[in-house]
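These are my notebook entries on a structure that I examined for a new reader. I set down what I looked up, entry by entry.

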2 protein chains.
Amino acid sequence: MSASQPVRGTRVRGTRQAEALATALEDLAGFRSAQDIHAELRRRGERIGLTTVYRHLMVLSEDGAVDTIRDEDGETLYRRCETSEHHHHVTCRSCGRSVEVEGRAVERWADRVAAEAGFVDVDHTVEIFGLCPACAAK
Amino acid sequence: MSASQPVRGTRVRGTRQAEALATALEDLAGFRSAQDIHAELRRRGERIGLTTVYRHLMVLSEDGAVDTIRDEDGETLYRRCETSEHHHHVTCRSCGRSVEVEGRAVERWADRVAAEAGFVDVDHTVEIFGLCPACAAK
DNA sequence: TAATGCATGAAAACGGTTTTCACTATCGGT
DNA sequence: ACCGATAGTGAAAACCGTTTTCATGCATTA
């Protein structure tokens, strides 16, 4: 379903811009919005357009190379993925720092309750937000 | 924190529009977008503005009278709340029908993993999407 | 009835994201 | 090197759900 139509304008590697984005994602610790990431790249002196940042993030997330979540305002946040396994996050509301957590228990729970309700083709989103130790100290 | 500033334009009851919205929410089975609900009201011949629908839904959700979730496109969906206790939903991707499920297990899991990571002031979102039996049959 | 105050809603503003399209960089073949 | 084809880029515009503005309406009080 996803290998059918390669999105136009997306080599992900090989261009100056793709490289810069990859590096930035490497450095940035937590979940950031596309605009944040773009601003960071500009701050570093990179010449890159917001459009390109969105495009690459889109492909990277389809490929599973970055995780995405939605914050409470509905904005999409991106972060370089550490493991390719299915997992969830505890994310700091204030600084975006996040910790990956194992969630076999929730997976099982989600599958079970959905099955009990007779639903199929089931998917779930689980996100935990809070204040990280550093931000809580302030 | 929420009792400080009464939102302007929101009696929730007593006006023709508020009544119509309440009735529509009563009738509509599952989670619907504000625009859906507005369209439904118009279909029924109600004279009500989209703004008003948004305003009421906002207040109703603050009051806990309707549940809100976000679909995968980031749109907010609303549904009349059945119980005032904290709960989660299994929602049909196709028709919006949803089943409330008890989630003490997830609550505990969320609190535990957040605490292990040292996070405080923790909040979580858990949503399950799938196809309901009726929609799966098609 | 007049005055007051909140509710309403059309239209405009908003803000994140996506699309358009003219331009540029890259690569293979000659 | 020099094409010519193919794919990437990015500024600006379009999109679209949602919120704000503000002139008007309705209802309840004096």
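**Entry 1**

I began with Arg93(A), which is partly exposed at a relative accessible area of 32%. On the scale I used, buried means under 20% relative accessible area, exposed over 50%, and partly exposed in between, with a 1.4 Å probe and protein chains only. I noted that this is a predicted model, in which local features need pLDDT of at least 70 and side-chain atom pairs count only at pLDDT 80 or more, while totals for chains, interfaces and linings use all residues. Residues are numbered from 1 along each chain as its sequence is written, chains are lettered from A and ligands numbered from 1 in the order in which they are written, and side-chain values use heavy atoms, with hydrogens and water left out.

I then asked which residue forms a salt bridge with Arg93(A). I found Asp121(B), with the closest N and O atoms 3.3 Å apart; the rule asks for a side-chain nitrogen of Lys or Arg within 4 Å of a carboxyl oxygen of Asp or Glu. Asp121(B) counts as exposed at 52% relative accessibility. Across the interface of chain A and chain B, the rule finds two salt bridges.

**Entry 2: the interface**

I recorded 38 residues of chain A in contact with 38 residues of chain B, contact meaning heavy atoms within 4.5 Å. The area buried between the two chains is about 2800 Å², and carbon and sulfur atoms give 65% of it. Buried area here is the accessible area (1.4 Å probe) that two parts lose on being put together, summed over both.

I also counted 10 residue pairs in polar contact between chain A and chain B, both residues at pLDDT 80 or more. A polar contact is a pair of N or O atoms within 3.5 Å; within protein, one must be able to donate a hydrogen and the other to accept it, and residues adjacent in sequence count only if both atoms are side-chain atoms. Strand 6 of chain A gives the largest share of the side that touches chain B, 12 residues. Helices (H or I, at least four residues) and strands (E, at least two) are DSSP runs, numbered from the N terminus.

**Entry 3: salt bridges within a chain**

I found 12 salt bridges over all chains. In chain A, the side chains of Glu40(A) and Arg43(A) meet in one of 2.3 Å, N to O. The two are three residues apart in helix 2 (residues 34–43) of chain A, so about one helical turn separates them. Is Glu40(A) buried or exposed? I noted that Glu40(A) counts as buried at 16% relative accessibility, whereas Arg43(A) is exposed at 60%. Both belong to a network of salt bridges that links Asp27(A), Glu40(A), Arg43(A) and Arg44(A).

**Entry 4: helix 1 of chain B**

I asked which residues of helix 1 of chain B are buried. They are Ala18(B), Ala20(B), Leu21(B), Ala24(B) and Leu25(B).
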